[in-house]
Structure formats: C-alpha cells, structure tokens
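Please open the model in your viewer and keep the sequence panel beside it. The tour below moves from one selection to the next and says what is there at each stop.

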Amino acid sequence: MANFIKRLLPAGDGPRERAAAARADLAPSPFWVMVRKEFGDHIRSWRFVILLAIVVLACAGSLYASISALKNGQSASASSGEGSAGFLFLRMFTESDGSLPGFLTFLSFLAPLIGIALGFDSVNTERNKGTLSRLLSQPLYRDDFLNAKFVAGLLLIAVVIFSLGFLVMGMGLFTIGYPPTPEEFWRVVVMLLITVVYVGLWLNLSLLFSVRFRQAATSALSGIALWIFFLVFYGMIVSLVGNATAPADTAAADVVIRHQNWMMLISRLSPAYLFQEAASTLMLPDTRTLNPFITQDQAYLAINAPLSFGQSLLLVWPQVVAIVAETTLSFAAAYVAFMRQEIRSRS
Amino acid sequence: MDDAVIELSRLTKRYGAFTAVSELDLAIRRGEIFGLLGPNGAGKTTTILMMLGLAEPTSGKATVCGIDATRNPIEVKRRVGYMPDDIGFYEDRSGLDNLMYTAMLNRVPEAEAKRRALSLLEKVGLGDAAGKKTGAYSRGMRQRLGLADVLIKQPEVVILDEPTLGIDPEGVRELLALIRQLSKEEGLTVLLSSHHLHQVQQICDRVGLFVGGKLIASGDLAALSQLIEGESAFAVELDVGGWNDTLAGTLRGMERVTAVSVKEADALSVHGRPDGVVTVRVTGTDDIAAELAASVVGSGAELLGLRPLRYGLDEIYHRYFEGGDSIGQLH
C-alpha cells in the first residue's frame with residue numbers, strides 16, 4: 001500500500017509534475033507528506049487492524065450465507081422471476097440464507113463505523129498532544145492539515161472497500177464458478193464507489209466532531225450516536241411523523257400522494273437511506289423505480305425485464321448526488337469550524 | 001532599526017472586551033537573544049502567535065524578516081522556528097522520524113532530512129535516543145528534541161515559548177547553554193519567553209518586561225535597573241550582630257544613604273545562626289560598602305557579613321509586579 005501512495009505523489013510521471021517537483025528540489029509538497037504520514041499512521045494503528053478484522057469477518061460470513069442460499073436455491077427471488085436468474089453473480093452480494101445478513105446489508109451497517117473510527121480523534125488528539133501548534137508553525141497552509149486528514153482517510157477507505165469488494169468477487173468466483181458479465185462487474189464497481197463516498201461522509205462527520213470537541217471520547221460518542229440515530233431511529237421517527245400527519249382515508253388521491261412524497265423526502269435526508277436505495281438498485285437490476293406510487297398503466301405496461309446498467313445508474317443518480325452533497329456539506333462544516341479556531345498549544 | 005528582524009508596531013489583540021496585547025511596539029535586532037519576561041497570562045504567547053501569523057491581530061502590524069506576518073504567514077514560518085510552550089511529538093514515532101517529518105514539511109528532500117536530523121540529534125545530545133519512541137522520552141529530552149525540531153529547517157529566527165518549563169535545574173542549565181551556543185554558532189536571532197527571571201538573566205542580551213498586555217520596559221539589565229531604581233542604584237546587605245536603633249539612626253544619617261531596612265530572614269538561613277543577628281539592607285546613590293562597614297564596626301556591633309547587591313531581574317520583576325496591577329496573578 002505504501003507503493004500505492006508513492007505512485008500518487010507528485011514526484012511521479014507527468015511532465016508538469018516533474019517540473020514542479022524539480023522546482024522544489026524534488027521534495028514532495030507538505031500536503032502529500034502529511035497524507036503519507038497519516039496513511040501510514042492509520043495502517044499501523046491497532047484500531048485499523050481490529051476494524052479490518054471485524055469487516056472481513058462480516059464479509060466472509062455474509063459470503064458464506066449467500067453462497068449457501070444460492071446453492072440451495074431457497075431464496076424467494078430466485079424462484080419468482082426468470083429475469084433475475086441472469087444476475088447470479090450480483091445476487092451473491094444481496095442474497096442470504098437467513099442465518100446472516102447479506103454483504104450489502106453488512107456493508108451499509110458497518111461501513112460508517114470505518115469512517116467514524118478513522119476520523120474521530122484526528123484533530124483533537126493532535127491538539128491535546130501539542131503537535132498541532134508545532135505542525136502549523138511549519139510553512140504549510142492551515143487547510144492543508146485538514147485536507148490531508150480527509151484525503152488520507154478517504155484513500156484508505158477506498159483501498160479497504162475495493163479490496164473487500166474484489167475479495168468477495170474473487171471468492172465467489174472461486175466457489176460458484178460462475179463468471180460475472182462486464183455489466184455485473186461495472187455494477188459492483190460503481191456500488192463500491194458509492195460506498196466509498198458514503199464512508200467518506202461519515203469520515204467527514206467524525207472530522208467535524210473531532211474539530212468541535214476537545215475530548216476524543218466525546219467526539220467518538222457523538223459519531224456513534226449519529227450513526228445509530230440514522231440507522232435505527234430515523235426510520236422510526238419518519239414513520240411516526242408519517243402516521244401522525246397522514247391524510248384521512250377519504251382524502252383525494254393527490255393529497256395522499258403529496259403526503260407520501262413528503263415522507264419520502266424526509267426519509268431521503270438520511271444518508272443511510274440514500275445509500276441503501278442507491279446500492280440496492282444497482283445490485284438488483286429488477287428494481288425499476290424508487291417511487292412507491294406507480295399507476296396501474298405503468299405497472300402493467302412495463303416490460304418485465306431488468307434495467308440496463310445505464311438506466312439503473314440514471315435511476316440512482318439523484319441519490320448519488322445527494323450523498324456527495326451531504327459529504328461536501330459536512331466537510332465544509334468541519335473546514336469552517338477548523339479555520340475559525342485559534343491555534344494554541346493544548347488549549 | 002534598519003537591521004530589526006522582528007518589528008512590532010502598535011500590535012493589539014482583543015478577545016471581546018479583554019485586551020490580551022495592547023499597542024505593542026518592539027524591535028529585535030539580528031543576532032541578539034531577547035527575553036520576553038512576564039507573568040502567566042501577560043500576553044506573551046499571544047504576541048508570539050501573532051508574529052507567526054497563527055493569530056490575527058485586531059490592529060497593528062507584525063513584521064518578521066521584513067515580511068508581514070499576518071498577510072504572508074507561510075513565508076514567515078519558512079524562516080522562523082517556533083517551539084510552543086508545551087511541545088508535543090508523535091509519541092509512537094521515534095525522535096528521528098519526528099524530526100524528519102518536520103524537515104520534509106519544509107520541503108527538505110528525504111536523504112537530506114535524515115542527514116540533518118541525525119546531526120542535530122547529536123548536537124542536542126540525543127544521538128543515542130534517535131531511534132527511541134518519543135513517548136518514552138523524559139521531559140528534558142523532549143525539550144531538547146524540540147530545539148532540534150526548531151533548528152532543522154535552518155531558520156533565521158528562533159522563537160522559544162517557555163523553553164525551560166518543567167525541567168530540573170541541571171536540565172535548565174544545559175538547555176540554556178545549548179541555546180546560547182547554538183545562537184552564537186549559527187548567528188540566530190532568538191526570542192525567548194519566560195517567567196523565570198534567573199534563566200532569562202543568564203543568557204539574554206536584552207529583556208522586555210511584559211505585564212497585562214503591555215511592554216512596560218525593555219533594554220539590557222543595567223538599563224532596566226537604572227530605570228527602576230532611579231538614582232539609588234546601589235545596595236548593600238549587611239549581617240549585623242547586636243543591631244539596635246542607634247546604629248540604624250547612624251546609618252541613616254550617613255551621606256549618600258537613601259534607605260535602611262531590616263530584611264526578613266529566609267527560613268533556610270535562619271537556621272544555625274546566632275541570636276540577635278539581623279540582615280539589613282542599605283541603599284545609596286553610590287558604592288558605600290566601605291563606609292558602612294567602618295561605621296558598623298565603629299559603633300561596637302559585630303559585622304558578620306557584607307554583600308554588595310546588583311539589582312537582578314528578580315528585584316526588577318518584583319518591583320514592577322508588586323507595585324503595579326496584578327493581572328493574571330492569583331492571590
């Protein structure tokens with residue numbers, strides 16, 4: 001992995017980069033020095049090893065569950081439509097025999113934890129240990145510090161998520177002996193990419209907490225609280241609100257639809273919900289719409305066939321944009337909070 | 001003032017209603033060791049942060065090496081080494097790694113960074129501990145590593161915020177000798193903040209007294225003593241056996257004597273001393289030690305000791321802080 005980072009350094013191959021590097025006596029810019037150090041720190045830390053062990057175990061377990069489900073042919077969707085039979089490889093990521101949740105469910109559940117664990121103590125620990133003021137008295141831009149933290153974290157997340165995804169693909173290939181079509185492959189790659197962005201969102205949130213709270217424990221706890229809130233309670237709250245504000249049974253159709261649209265909008269504020277929609281649509285090509293209301297004409301006249309990759313991507317594009325937007329927003333919040341803080345040693 | 005490396009003009013920093021630094025004017029010449037002296041909370045660190053562009057002044061200007069520190073902090077930080085008062089290192093990395101990291105942040109190529117780090121570690125006496133994790137360093141070792149950390153970028157100016165805080169006396173002596181030596185060898189300008197008078201006294205060419213965000217006096221030791229004491233710049237301490245009021249009257253009546261006071265004995269020195277011996281402090285406008293001795297002995301009292309006093313920073317410091325307001329001091 002160190003080589004992977006080294007290749008990203010501007011001392012690399014492009015002529016422009018080479019000229020820039022020559023100007024600075026072949027030394028990488030402080031930003032990349034920091035990214036490299038952060039990346040190394042993450043990889044060497046026990047926390048990362050433990051986290052990786054949990055995620056790998058979860059993925060291995062879910063893979064086992066899905067493969068045994070596929071072998072027994074006991075899942076419901078396998079028997080229902082013939083369209084889905086073509087996407088055997090993708091079903092490896094979603095199916096389950098009931099003993100353990102599928103890969104996708106595990107990922108959507110555990111991925112935020114990676115982001116939180118990588119970020120929750122990144123700024124406040126440096127501050128408490130007195131390294132922040134020493135670092136910022138070096139000739140580097142103040143925002144480079146935060147950017148480096150984010151980029152190093154995101155790089156690591158990308159490496160972890162993609163290696164996990166490819167690991168599952170490889171293992172599946174090995175066990176079921178059924179190769180993926182190019183379309184299936186790209187679906188998985190895009191799903192992994194969305195997962196990286198989603199974990200990046202949680203990384204940013206935990207960065208924000210680590211800027212805001214001086215104690216690492218407080219920051220970790222707030223991150224975990226938010227994670228549990230979106231994963232467990234948010235759906236409950238939305239349905240509670242939905243029930244309370246539901247129009248009467250006798251209400252006109254457009255009133256009911258408008259209410260339902262509002263509820264969808266509120267649900268979709270949650271990044272967890274957005275991610276679930278986006279990832280599962282990509283993994284289940286049979287999903288034709290994310291709208292709970294379709295007219296009878298739409299339902300009957302639709303061709304009973306899976307969507308093409310491009311169409312699936314088009315369907316989840318708003319979700320993807322929303323996740324990116326939320327990620328950007330939380331980074332902006334962390335950035336502003338950090339830039340407004342005064343740098344003093346240990347205070 | 002042409003060769004001023006650090007120049008502050010009417011520098012002010014306010015936090016809400018509280019003024020941390022107020023209308024500060026200061027110029028520090030190239031190659032000198034300047035001591036910034038003041039009690040806790042006097043605004044020393046805030047001033048230093050403004051010099052580095054890490055804090056924005058409310059008004060006024062800080063110029064370092066001819067560069068505006070507020071507008072162009074990167075250039076300033078390239079030339080200035082700053083050691084914070086409670087310096088921290090990455091504890092799971094070795095001292096060498098920490099130094100190399102700082103060097104590389106200053107765009108020093110890796111091989112050169114390693115060479116510089118090793119030679120500096122040797123210089124500050126940490127050659128054997130280079131590979132040790134900094135978490136296992138003692139306080140004194142950390143400060144010395146801090147000094148190496150400041151020097152690795154080969155700065156023109158070094159700013160040390162409370163460099164001697166929390167080190168034992170022997171460690172302080174070594175560290176100060178090291179600072180002095182490095183400053184002379186490399187021709188560095190050193191700005192040193194401290195509330196330890198004796199240490200500042202030992203190595204600084206000039207001293208600035210800083211109280212309540214204001215620089216109330218600056219100059220070398222002689223100038224400061226003169227400033228405070230005015231005309232009565234000489235003092236003598238006498239240990240006298242058989243002290244009485246008549247003798248006190250005689251001394252007061254002497255020419256050029258301005259004040260006679262009985263000094264409270266220290267707890268330590270009281271021990272093992274014969275009864276009836278008191279320490280008297282006499283101040284005068286000139287060196288009057290010989291006359292004093294003669295008149296004490298002539299009056300029949302025993303003269304057990306006589307010490308001419310130079311006004312140290314201690315006196316000056318004390319004089320300022322007891323007389324003036326006590327911002328930042330707890331009672």
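Which residue takes a positive phi in the hairpin of β4(B) and β5(B)? Select the two residues between the strands of that hairpin, and it is C65(B) that has the positive phi, near 55°.

Before going further, a word on how to read the display. This is a predicted model, in which local features need pLDDT of at least 70 and side-chain atom pairs count only at pLDDT 80 or more, while totals for chains, interfaces and linings use all residues. Residues are numbered from 1 along each chain as its sequence is written, and chains are lettered from A and ligands numbered from 1 in the order in which they are written.

**Stop 1: confidence along chain A**

The mean for chain A is 82, with 87% of its residues at 70 or more. Residues 1-24 of chain A have pLDDT below 50, and this stretch makes 20 contacts in the model beyond near neighbours in sequence; a contact here means that the C-beta atoms of two residues, placed from the backbone, lie within 7 Å. Next select residues 75-84 of chain A, where pLDDT again stays under 50 and the model has 10 contacts beyond four places in sequence.

**Stop 2: where the chains touch**

Now show both chains: 23 residues of chain A are in contact with 24 residues of chain B. On the chain A side, the elements that give two or more residues are α3 (30-44) and α9 (131-136), and α9(A) gives the most, with four residues.

**Stop 3: a helix pair in chain A**

Select helix α11 (residues 182-212) and helix α12 (residues 216-245) of chain A, which pack at an angle of about 145° with their axes 8 Å apart. Axes are lines fitted to C-alpha atoms, for helices over the stretch in contact, and angles run from 0 to 180 degrees between N-to-C directions. From α11(A) the contact is made by L205(A), S206(A), F209(A) and S210(A), and from α12(A) by S219(A), S222(A), G223(A) and L226(A). Three of these contact residues are nonpolar and five polar, with no charged residue.

**Stop 4: the domains of chain B and the hairpin**

The domain assignment of chain B gives domain 1 (4-227) and domain 2 (234-310), with bounds that come from an automatic or database assignment. Their centres, taken over C-alpha atoms, are separated by 43 Å.

Strand β1 (residues 4-15) and strand β4 (residues 59-64) of chain B are antiparallel over five bridges.

**Stop 5: the six-stranded sheet**

Select the open sheet of six strands in the order β6-β7-β8-β3-β9-β10 (chain B), whose pairing is mixed. Its edge strands are β6 (80-83) and β10 (214-219) of chain B, each pairing on one side only, and the twist averages 15° from one strand to the next. Within the sheet, β3 (residues 33-37) and β9 (residues 206-211) of chain B pair in the parallel sense over four bridges, with R206(B) in β9(B) as the bridge partner of F34(B).

**Stop 6: the four-stranded sheet**

Finish with the open sheet of four strands in the order β12-β13-β11-β14 (chain B), where the pairing is antiparallel. The edge strands are β12 (257-263) and β14 (302-309) of chain B. Helix α9 (residues 245-253) of chain B lies across β12 and β13 of chain B, at about 150° to β12(B).

Conventions. pLDDT is the predictor's confidence in each residue, from 0 to 100. Ala, Val, Leu, Ile, Met, Phe, Trp, Tyr, Cys and Pro count as nonpolar, Asp, Glu, Lys and Arg as charged, and the others, Gly among them, as polar. Two strands pair if DSSP finds at least two bridges between them.
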